[in-house]
Amino acid sequence: MSTKDRAVVWIGGAAGEGIASTGDIFCKTASRMGLWVFAYNSYQSVIRGGHVYYQVQIGGGEKVLSQGDEPDVLVALNQDTMNRHAAKVVEGGAIIFNQDKIKCENIPLRKNVQLIGIPVEKLTAEFGRNPVMQNTVDSGALIQILGLDWATYEGAIRSIFGSKKSEIADLNIKLASKGAEFAKAGFKPLNIKVQGDGKKRAIATGNSMIAFGALTGGVKFYSAYPMTPASSIMHWLAPRGAKYGLVMKQMEDEIAAMASTVGAGHVGCRSMTGTSGGGFALMTEAIGLAAMTETPCVVAHVMRGGPSTGLPTKTEQADLFQDLGAGQGDYPKAIIAPISVDDCYHATIDALNLSEKYQTPVILVSDLFLSEHAETMDDGLVNPNIKIERGEIVTSWKPSDPAKTITTGHFDKNPDDYLRFKDTPTGVSPRAFPGTENTLFVAASDEHDEEGVVISDVFTDEATRIKMMDKRMRKMAGIEKDTKGPIVTGPKNADVSLVGWGSTYQIIEEVRLALEKKGKSVNHIHFRTVWPIHAEETSKLLNAAKKTINIEVNFTSQMAKIIRMETGYQMHHFINKYDGEPYTFLGLLKQVEACMSGQTTKKVAELAGTR
């Protein structure tokens, strides 16, 4: 059997048993060794109980693009985890468990799986009783059988607890060493050799990178109401706000959060909010207000399974139509879907710049999987010289000459007056913040003229309505010019094109690379800019494809429908996943190969097999 250069670890138990913290220490150890890390936490909507499992894939060399598939090592913190997942451990793998309370009887195991039953009570007798001790003892055994660096592991523990809790860190190191010594004495290391490059890499989640991108991009006001899976953006920003000059406001609901974001944008403060599906629904009226008053604002929409409150802790890409239709009427907008944790940082900055340059709402659409899973970062991610574009801002205005004033209808007009909503070739009008001298204007949610005067209270001015609508929608040409069309990887004239959007970029790319190694001709067309979709470029790409396979995490292939609406192109095959969990590499590879062989597409949820 050849030595593997990657390892997949699952840590499972009930909520409240410390699964996430155990996984975090393991990830930190690997990332500090120069390994690539990709971790996903599958959890439930309970504080205690239920079933939680943390999946981690680590490896050196090429970047790890997914959480992996079946585990090389299962750390079972309760009997339920053992019963659910023990049979999935790969041949030659290992199961680590507390033999005092967990049994592995009558479970069909694969060949040569080591059962590392640890006598936790005996090993920890000198330290007193604490149920969380088993996690640390098991972790020590995990580090030992994977051959990871012990000094780095100790450092990871100390960094988690900090200098103020050095006695707790010392205790955990002693407990872990008990597990490591036990594993070393009775069990052999796995046939896995993960070799890092020695570079210590930062590890982050998508939401933390959205928050970091917001700070870097100059956001000074973030307002939100807590809603999974968007809440951690707020959690990340709150303790850092004072240091970086940002006001982080938790509001009473999403309506207030969005309205205050629009208000902040109106007075010239770079502003942003974040929520999930149900909260986004509440925000949509105020998004329309931002569109009509031409107020910049960014909304981070982190999707979860719906409808209604749906699957609060599970992932889905099923709110795309909601994003596209948010607010009343037609108005210019951009919808940006980051494709990786790294890209959450860049996409947030791009969204902020687009919003201010074109004075319109921009929706940054992510999902639970992208926003909550952790990855090691690419080198050179942070660029201190990023460009912050605030658009055309009026900082002073000469007073109008009274001699030029004329009375038109009920109003006085002067050609020298500042026009907040001036009709321009680009549709973008010079923006003045309230308080700028000689720039008096009305900002109303009703349709208005160039000055802001409402046109529909006592009469409807059809000509002005057409003029203002044309002016606003003219911005779309600029937004399209300032955004990029689909990302394409692989050969131009491939036999098969895999099509996706947003968070599925890395897993589709992993499948494409695997097929390429098998000698298959496959490329990958991916949408980071969801709206505008760059219809001409998209149409050219898809019509040149020989066979297309559309891949989405929803039931109805929403992106494929938008593409068809804008280009008339109909995909050949569809792969959909809607069970709340993200794609796995082997699960998606199996589906793609079935499509390539001409079989009728079935839902991945029906064929998952590995869960």
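**Strand 3 and its partners**

Strand 1 (residues 6-15) runs antiparallel to strand 3, and nine bridges join the pair; strands here are DSSP E runs of at least two residues, numbered from the N terminus, and two of them pair if DSSP finds at least two bridges between them. This is a predicted model, so to speak of local features takes pLDDT of at least 70, side-chain atom pairs count only at pLDDT 80 or more, and totals for chains, interfaces and linings use all residues. Residues are numbered from 1 along each chain as its sequence is written, and side-chain values use heavy atoms, with hydrogens and water left out.

Strands 2 and 3 make up a hairpin, with six residues between them. Strand 3 itself covers residues 49-59, and nine of its 11 residues are buried (under 20% relative accessible area with a 1.4 Å probe, protein chains only).

As for the whole protein, 56% of its 611 residues count as buried. Along the principal axes, the C-alpha trace spans about 95 × 60 × 40 Å.

Notes. Buried means under 20% relative accessible area, exposed over 50%, partly exposed in between (1.4 Å probe, protein chains only). Helices (H or I, at least four residues) and strands (E, at least two) are DSSP runs, numbered from the N terminus.
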